[in-house]
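Trainee: I have a model open and some questions about it. Can we go through them one by one?

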Amino acid sequence: MKLHLNFTDQRFIIQNYGEGHVTINGERHAHSLILTPEQRLDWTATDAADLDDGLLAPLLTNDPELVIIGAGPEQRMPNMNVMRFFARNGIGLEFVSTPSACRIYNILAGEGRRVGCGLILGP
């Protein structure tokens, strides 16, 4: 799915999403990653059901006001550990499908929001 490119001052934008990959600033990625407007980090998450504090902690990079987790190709509910982690840290959470996470991230980053995005893309 091709996403519209908005020209803003942000450094990292998701240009398109396909099954098991995303393209960010012209570079294709086929592994899970964490994205903020300022930074892209590799992420070891491979399954939303396995998310724990250790896997979630890197999502707090750059002090986001909201974190979006793309949990795979379809919508699913987060486990209670995920919900507790973000509640404890006072950070909003959107737990959605990976295609939805890509769209939401681009919109919020384009608005200049402090947003973090974790995309689960595979092993």
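Mentor: First, a term: a residue is buried when its relative accessible area is under 20%. Keep in mind that this is a predicted model.

Trainee: Which residues of α3 are buried?
Mentor: Apply that cut-off of under 20% relative accessible area. Along α3 it picks out T98, P99, S100, A101, C102, Y105, N106, L108 and A109.

Trainee: What covers the buried residues of α3?
Mentor: Look for contacts, meaning heavy atoms within 4.5 Å. Several strands are included in the cover. They are β1 (14–18), β2 (21–24), β4 (33–35), β6 (66–70), β7 (92–96) and β8 (115–119).

Trainee: How far apart are the end C-alpha atoms of α3?
Mentor: Helix α3 has 13 residues, 98–110. The expected span is 1.5 Å times one less than the number of residues, so α3 should span 18 Å. The model agrees: the end C-alpha atoms are 18 Å apart.

Trainee: Which residue just after α3 takes a positive phi?
Mentor: Step past the end of the helix and check the backbone there. The phi is about 80°, and the residue is G112.

Trainee: Which strands are the edges of the open sheet?
Mentor: The sheet has 5 strands in the order β5-β4-β8-β6-β7, with mixed pairing.

Trainee: In β7, what is the bridge partner of I68?
Mentor: Start with the pairing of β6 and β7: it is parallel and runs over 5 bridges. In β7, I68 has as its bridge partner E94.

Trainee: Is T36 buried or exposed?
Mentor: T36 sits in the loop between β4 and β5 (40–42). Leaving aside neighbours within four places in sequence, T36 contacts F12, T61, N62, Y105, V115 and G116. Its relative accessibility is 3%, so T36 counts as buried.

Trainee: Is the aromatic pair of F85 and F86 stacked or edge-to-face?
Mentor: The count comes to 1 aromatic pair. In that pair, F85 and F86 lie 5.1 Å apart, centre to centre, with 85° between the planes. Planes over 60 degrees apart fall in one class, so this pair is edge-to-face.

How values were computed:
Residues are numbered from 1 along each chain as its sequence is written. This is a predicted model: local features need pLDDT of at least 70, side-chain atom pairs count only at pLDDT 80 or more; totals for chains, interfaces and linings use all residues. Side-chain values use heavy atoms; hydrogens and water are left out. Helices (H or I, at least four residues) and strands (E, at least two) are DSSP runs, numbered from the N terminus. Buried means under 20% relative accessible area, exposed over 50%, partly exposed in between (1.4 Å probe, protein chains only). Rings of Phe, Tyr and Trp (its six-membered ring) pair if their centres lie within 6.5 Å; planes under 30 degrees apart count as stacked, over 60 as edge-to-face and the rest as tilted. Two strands pair if DSSP finds at least two bridges between them.
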